[in-house]
Each structure stands twice: as structure tokens, then as C-alpha cells.
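Welcome, and please have your viewer ready. We will go from stop to stop, selecting a few residues each time and looking at what surrounds them.

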Amino acid sequence: MSSEHAAQAIRDAGVCDGLDTVVNELLATVRLVDHHVHGVVSERVDDATLADMLIESDRRSATRAAGFDTQVWHAVRRWCAPQIRAPAHAAAEDYLVARRAYERLIPIGRLLLSRAGFERVIVETGFQGGRVTSPAATGEMAGCPASRVVRLEAIAERLVYELADPLTWPDAFRAAVAAELAGADPAVGFKTILAYRGGFDRDLARPADEAVASAAVRWAAEVHAGATARLTDEALLRFGIWTAIDTGRPLQVHTGFGDPDLDLHRADPLLLTDFIRATEERAPVMLLHTYPFHRHAGYLAQMFPHVYFDVGEAVHYTGAASEVVVRESMELTPFTKLLFSSDAWGAPELHLLGSWLFRRAMSRVLGDWVARGDWSRADADRVVRLVAAENARRVYRLPA
Ligand SMILES: [Zn+2]
């Protein structure tokens, strides 16, 4: 699928409506590296399952309580409805009817992803990876190459079954991490969900191998006795993170807003300050999504040379209000430190909205600054290219 196909869909929809027409055109045509995204659900979904995917809460009761009265549903009705030949702002019930009818003819995932305008997708497979398309299939739908990042906790949760002698955990885990960087389809980085496994308000120093080995013995015994392999052991979590840091490859750290499996007050990236100091000059630390702590992330990105961040899924979840989030994300950060991600999972509506709402917000924010004479058009041009793709290409060492 050509990039012109996506650009024309973006122009036709009137996505970029800032005050400067040159900036608008740039944001309609620039292709985005989505540096953290997931696949699209493979099976045909019923309405309730789709609704569950359009809310961050993992409680179906929360989905029911919210109904369609959320920013993300307003955005789906505004932007996705016309893509499936329903009127903009169609009632949610009508959208669902139109979606079912459309999907009988054309897979809606391919339709929406091909209009997002991605240059590359960097896919993470750790969350219910079996239910969604693989990195390669996701890229194929989007009409672009795909790369992958590997969730460290998923490596551990596999290894705990595979390893005959848990005392060998340190070397075995290091080998498993190294193996992800080798072969025909090497990973471009790692990801940790420490935020979901106790949060950041704890000691994050590197543990000694002996402590790691004894923790592995304890955990393996629990798992072999029938416990679910869900890594929460502090020494093993820290060991995973430090093993990834030692590779020098980017480490994505989920921070901020996430489902209620995390405690939001323990997911503020400022709580990582000591860890960030300790990892300086070792590996890039990519603070994922960060909302509502995106201003904290901007501060950290200015203070520390190896810190980068995005506002990820906050863009589609804040919908028409996302312009404010994007504007606030651009206060303190050097523009070489801000990246685009959608963090879309499952519903392809989220992949489209991640891209389109980000373009719309950037067109308004940068368009304002250009129209008022605070920035030149050349400034806006450079910053769009950095944030859209160049920062990700440089940090993850991607081909252009
Ligand atoms: Zn994610």
C-alpha cells in the first residue's frame, strides 16, 4: 500500500486542521514509526468484546458503566465511521451495525491500518500475543515493515518452565536475552511491565547472581507446584531489567496510565530517577505513554541524555482533548527525545486513531506556533520529522 493512499485518506478526512496549511500538509503526508504497538485481533469480535478493547479497564462492568460515553468512542464515531461508509458521528449502535456489514466484505483491520500512514511498526507481543496478529502480519496489514520488541517478563515466564536447573537462571536468562538479538529477525529492544508487577517505588539496583539464583529456585518450586507463572519476584524482575540494559539496546518501560492491574501512583516515571541515574550511558530508556505524568517525563528527557518518551495510548483515550496532551508533552523535552506510539492493541480503530489524532494534535500545536510567529515553518518541519520517525530510527537503529 503506497504512502500516498494513507495521505489521501488523511486529507479527505480533514484530519490536519491547524492554522498553517504547509504544516497541515506535512502532517498529512509524513509517515510515522509507531515505536510501541500491538497486533490486531485475529478473530471476528462481537460487540461486547470490541467495547472491552475500547476502554483501558479490564473490567467488563467498567465497560458497561462507561457505555459509549467516552472520548475514544466519540473519536471512533467521528473518524472511523466514515471509513466504513457510515456517517461521521453515527450513533455507536449504528457504527457497530455498519462495522459488521462492512467486515463481511473487507477485513476492517487491513482497511484501517493501511490508512494510518505508518513507515514501520515496532510490535510487542507480550500481552495476549496469541489473540492478535504477529509483528509480520501487522506490518503487512499496515503496508510497512515490522520490527519487534520483547517483553522481559514473558522471557522469564517461559524460562521458568523450560529450565531444568533454576540455579542456572542468571546465565540462562542472559542467553535467552542474547538470543532475541540474534538470528534472522532480531528484536530491536526490550520492554518491561514492572509498573504492573509492583511499581517503581522500590530499590531497582542490580541484584547479585546468587540472589537471583535462589529467587529462581523458589519461584520454580511454586510454579511446578501449580502456581501461575506470573513474575512478581523483585530480584528476578530487577535482574531482567539489568540484563536488558547490559545489551545497550533501548529498554521500553511502561509508565503512567494502564489497566487497574497497576497502581497509578506507583507508575510515575519520576520514581525511576535513581534507576535513570544508574543507567546513564548504558542504554536508552524509553518511558512509554507516561500520561498523566507526561510533563514529568518531559522533565526527565531534558535532564538525562538517554531518556525518551511518548504519550502513546493517551492520544486515542483522550480523543478530542488529545491536543492538550500533545501540547503539554512538548513543553520541556528536547524534540530529539519525543517519539510517536499508538500502543494500539486488538481493535484496529485504535491503530487508526493513534495516528490520526496525533497528526491532528501536532497540526494544531505546531500550526499555532508557526501562525503566531513563534516558530518558523522550517522549525516545524524539522520537529515533525524528528518526532514522526527520525528519533525512532536513530535510537532503535532502524533502516530508513
Ligand atoms: Zn503496549
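Our first stop needs a definition: on a 1 Å grid over the protein atoms alone, a pocket is an open set of points with protein on both sides within 12 Å along at least five of seven lines, while a cavity is a set of points where a 1.4 Å probe fits but cannot get out. Lining residues have an atom within 4 Å of a point. Grid points are joined across faces, edges and corners, and a volume is the space filled by probe spheres set on the points.

A word on the model itself: it is predicted, so local features need pLDDT of at least 70 and side-chain atom pairs count only at pLDDT 80 or more, while totals for chains, interfaces and linings use all residues. Residues are numbered from 1 along each chain as its sequence is written, and side-chain values use heavy atoms, with hydrogens and water left out.

**Stop 1: the pocket and the cavities**

The largest pocket has a volume of about 810 Å³. Select Glu 56, Phe 127, Gln 128, Asp 259 and Trp 345: of the 37 lining residues, these are the closest to its centre. Now colour helices H3 (47–53), H4 (60–66), H9 and H15 (314–318), the elements that give two or more residues to this lining. Helices (H or I, at least four residues) and strands (E, at least two) are DSSP runs, numbered from the N terminus.

How many cavities of 30 Å³ or more are there? The count is four. To find the second largest cavity, with about 40 Å³ of space, select the residues that line it: Ala 51, Leu 54, Ile 55, Thr 63, Ala 66, Gly 67, Thr 70 and Trp 73.

**Stop 2: helix H9 and Glu 157**

Next, select residues 152–162, which form helix H9 and include Glu 157. The buried residues of H9 are Leu 152, Glu 153, Ile 155, Ala 156, Glu 157, Leu 159 and Val 160. Here, buried means under 20% relative accessible area, exposed means over 50%, and partly exposed is in between (1.4 Å probe, protein chains only). Among the elements covering these buried residues are strand E3 (146–151), helix H10 (169–180) and helix H12 (234–247).

Is Glu 157 buried or exposed? Glu 157 counts as buried because its relative accessible area is 19%. Show its contacts (heavy atoms within 4.5 Å): not counting residues up to four places away in sequence, Glu 157 touches Arg 197, Trp 219, Ala 229, Arg 230 and Leu 231. Zoom in on Leu 231, whose backbone nitrogen lies 2.8 Å from a polar atom of the Glu 157 side chain.

**Stop 3: Ser 342**

Move to the loop between helix H16 (322–329) and helix H17 (348–371), where you will find Ser 342. Ser 342 counts as buried because its relative accessibility is 0%. Which residue's side chain makes a polar contact with the side chain of Ser 342? The partner is Asp 34, at 2.5 Å. A polar contact is a pair of N or O atoms within 3.5 Å; within protein, one must be able to donate a hydrogen and the other to accept it, and residues adjacent in sequence count only if both atoms are side-chain atoms.

**Stop 4: helix H18**

Select residues 377–396, the 20 residues of helix H18.

Now pick Ala 380 in H18, which is buried at 0% relative accessibility. Beyond its neighbours within four places in sequence, Ala 380 is in contact with Val 23, Leu 26, Leu 366, Val 370 and Trp 375.

**Stop 5: backbone details**

Just after H18, click on Arg 397, which takes a positive phi of about 55 degrees. Arg 397 is exposed, with a relative accessible area of 57%.

Arg 85 also has a positive phi, near 65 degrees. Look for Arg 85 in the loop between helix H5 (71–80) and helix H6 (92–103); at 68% relative accessibility, Arg 85 counts as exposed.

Finish at Pro 292, in the loop between strand E6 (285–289) and helix H14 (294–303). The peptide bond leading from Tyr 291 to Pro 292 is cis, with omega near 0 degrees.

How values were computed:
Expected span 1.5 Å × (residues − 1).
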